[in-house]
Amino acid sequence: MLSDDHVNEIIIEKLIASLIPMTSRDRIKAIRNQPRTMEEKRNLSRGGLTSVTENEGRAKAHLTWKIVDKEKSKQTHRILQLNCCVQCLNSISRAYRRSKNSLSEILNSISLWQKTLKIIGGKFGTSVLSYFNFLRWLLKFNIFSFIVNFSFIIIPQFTVAEKNTLQFTGLELFTGVGYFRDTVMYYGFYTNSTIQHGNSGASYNMQLAYIFTIGACLTTCFFSLLFSMAKYFRDNFINPHIYSGGITKLIFCWDFTVTHEKAVKLKQKNLSTEIRENLSELRQENAKLTFNQQLTRFSTYVMAWVVSTGVTIACCAAVYYLAEYNLEFLKTHSNPGAVLLLPFVVSCINLAVPCFYSMFRLVERYEMPRHEVYILLIRNILLKISIVGILCYYWLNNVALSGEECWETLIGQDIYRLLLMDFVFSLADSFLGEFLRRIIGMQLITSLGLPEFDIARNVLELIYAQTLVWIGIFFCPLLPLIQMIMLFIMFYAKNISLMMNFQPPSKAWRASQMMTFFILLLFFPSFTGVLCTLAITIWRLKPSADCGPFRGLPFFIHSIYSWIDTLSTRPGYLWVVWIYRNLIGSVHFFFILTLIVLIITYLYCSLVLERREVEQQDALHLGERDSSLDLRFRRSVQEGNPRA
């Protein structure tokens with residue numbers, strides 16, 4: 001029989017012989033996939049190994065590789081010389097890749113809170129990290145909306161704005177009335193005239209600018225949400241191996257460019273947390289319950305849903321009756337703080353009821369922490385979106401038809417107060433409520449211990465606030481700026497509270513699919529409900545007669561109709577008229593667009609199911625294939641050698 005060293009030399013000779021006919025790129029890829037040390041791979045790429053670097057056969061192989069590479073490079077050079085188009089395309093492709101990589105590096109370098117997010121992920125895992133990633137994602141949305149509004153609405157209005165004669169008292173910061181009423185903050189301050197400086201200056205139609213800017217913001221948000229959902233859906237459901245390659249990838253992959261001591265420790269902590277999450281999820285998926293346990297658990301789930309649904313209905317009824325009598329209450333009470341009653345009650349409900357829902361975990365006891373978060377998210381979204389729906393009904397039916405002087409500004413003030421009150425309650429809960437829960441768990445009732453970060457409740461606070469911003473952007477164009485400031489403060493407040501008052505999740509679990517679910521909830525029912533509300537406002541309600549850019553029109557949409565009628569008389573703009581009448585204003589176009597979206601969704605779901613079936617089949621044969629791979633290769637070498 002041959003010795004191990006001799007068999008190894010034969011294997012290397014066959015490997016080198018198989019690499020000779022390959023291209024340089026394929027050869028490098030094949031050597032990289034070999035189960036060898038880095039030193040052996042370097043020597044293989046040069047044509048030999050460290051122990052036999054003077055061997056004549058290796059030298060010939062090395063020479064052969066160089067000759068093959070030279071011949072192939074000459075042929076490629078001739079082809080490129082004959083085909084200039086290929087050269088141009090290759091140059092453009094290389095320039096595009098370089099610019100894309102450079103842009104990606106620049107964006108990563110200026111990305112907010114990178115180090116802080118790594119620390120959070122290393123200590124608390126990807127589940128808690130998903131909340132902070134979602135908060136940063138919403139911040140980017142509001143930055144874009146503010147830049148667009150400021151550029152096309154606020155700056156033009158500044159050029160024709162009159163001086164504000166009202167006195168600022170400071171109470172306006174809480175109520176949103178008084179001094180702020182005559183500023184660019186609210187709808188009623190904007191002019192309805194065409195802005196033009198000088199007789200020869202370009203004109204600026206404020207009506208079109210206002211409605212097109214708001215429409216551009218919402219359209220961009222719509223496609224960004226669709227794109228983000230498709231991206232996260234592809235990465236986490238269709239191609240989950242991109243981000244979660246399993247425990248093997250976590251153990252045997254290390255970034256050797258990390259050399260700083262703190263960075264190394266942080267990387268080790270992140271890897272250990274991810275390994276615990278993978279192992280915990282595998283163990284939980286394999287757990288099985290008896291029939292009696294399943295029946296008991298199902299009954300508990302049903303009772304919890306009955307109680308939570310009843311609480312939601314009661315809270316919605318309370319908000320409805322309070323909103324119905326809110327206008328009469330404000331007329332009979334001259335106290336400036338009276339306008340804070342409705343926002344105060346709504347914020348109390350939004351703070352107390354989700355905490356009550358979180359206590360259900362003590363009874364339901366879900367095996368998978370992900371399922372617990374999903375259920376809490378669904379319960380909270382039903383509560384908050386129902387309350388927002390009741391408030392929208394109150395604004396569009398009571399406030400808009402009340403005959404007030406400028407009902408659009410009144411709605412903007414209501415939304416500002418709701419957003420501000422929700423922010424104050426969230427800060428109070430972060431610095432006071434969570435601190436008290438920590439003191440109770442550590443000093444009074446030690447069996448409770450440190451609390452865990454409530455992902456569902458905190459995420460729904462973000463979705464609720466963003467829904468209010470989207471609804472109010474038409475009535476209060478500066479809301480994205482206010483939301484930017486609030487999100488920026490909230491990130492640091494939640495980060496400080498997280499490090500001081502919470503412990504890592506007791507059950508480690510991967511949250512790679514959480515962002516997909518968060519964005520789905522943000523899109524439906526949040527964003528779709530906003531679109532319905534604004535569509536009713538623009539197409540069905542009459543603007544105020546004495547304020548705002550649409551004063552004097554029967555409906556808001558009539559500004560678009562008048563513009564289209566004007567363009568139809570100009571031959572150079574008939575293509576715009578055709579696009580509006582056959583695409584934007586056509587029901588059939590949106591029907592076809594909806595059908596295409598449904599078909600794409602169906603195809604994505606089919607890909608997910610097929611992908612899971614393929615992965616299950618591959619998992620059955622993976623162990624057997626890996627264990628017999630080396631044995632088959634050695635056997636083929638010995639059979640090909642007559643001395644074996």
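**A close look at helix packing and nearby spaces**

Analyst: Let's start with F158, which is found in helix α6 (helices are DSSP runs of H or I with at least four residues, numbered from the N terminus). This is a predicted model, in which local features need pLDDT of at least 70 and side-chain atom pairs count only at pLDDT 80 or more, while totals for chains, interfaces and linings use all residues. Residues are numbered from 1 along each chain as its sequence is written, and side-chain values use heavy atoms, leaving out hydrogens and water.

Leaving aside residues up to four places away in sequence, F158 touches F150 and V184 (contact means heavy atoms within 4.5 Å). F158 and Y190 lie 32 residues apart in sequence, and their C-alpha atoms are 9.4 Å apart in space.

Helix α6 spans residues 114-160, and its axis comes within 10 Å of the axis of α19, crossing at roughly 45° (axes are lines fitted to C-alpha atoms over the stretch in contact, with angles from 0 to 180 degrees between N-to-C directions). The two helices, α6 and α19, are therefore oblique to each other; angles under 35 degrees count as roughly parallel, over 145 as roughly antiparallel, 65 to 115 as roughly perpendicular and the rest as oblique. The crossing of α6 past α19 is right-handed, that is, the near helix is turned clockwise from the far one by less than a right angle. On the α6 side the contact is made by S130, Y131, N133, F134, W137 and L138, and on the α19 side by M514, M515, F518, I519 and L522. By class, that contact of α6 with α19 has 9 nonpolar, 2 polar and no charged residues (Ala, Val, Leu, Ile, Met, Phe, Trp, Tyr, Cys and Pro are nonpolar, Asp, Glu, Lys and Arg charged, and the others, Gly among them, polar).

Helix α19 has a further feature to look at. Most peptide bonds are trans, but a cis peptide bond joins F524 and P525, with omega about 15°. P525 sits in helix α19.

α19 (514-540) also supplies at least two residues of the lining of the second largest pocket, as do α8 (206-238), α20 (558-567), α21 (574-584) and α22 (587-640). A pocket is an open set of points on a 1 Å grid with protein on both sides within 12 Å along at least five of seven lines, and lining residues have an atom within 4 Å of a point. This pocket holds about 2000 Å³ of space, a volume being the space filled by probe spheres set on the points. Of its 48 lining residues, F222, F223, L531, F590 and L593 lie nearest the centre. α8 gives the most to this lining, with 14 residues. The lining of the second largest pocket divides into 41 nonpolar, 7 polar and no charged residues.

A cavity is a set of grid points where a 1.4 Å probe fits but cannot get out. The elements giving two or more residues to the lining of the largest cavity are α16 (407-444), α17 (455-472) and α18 (479-501). The volume of the largest cavity is about 120 Å³, and its lining divides into 7 nonpolar, 3 polar and 2 charged residues.
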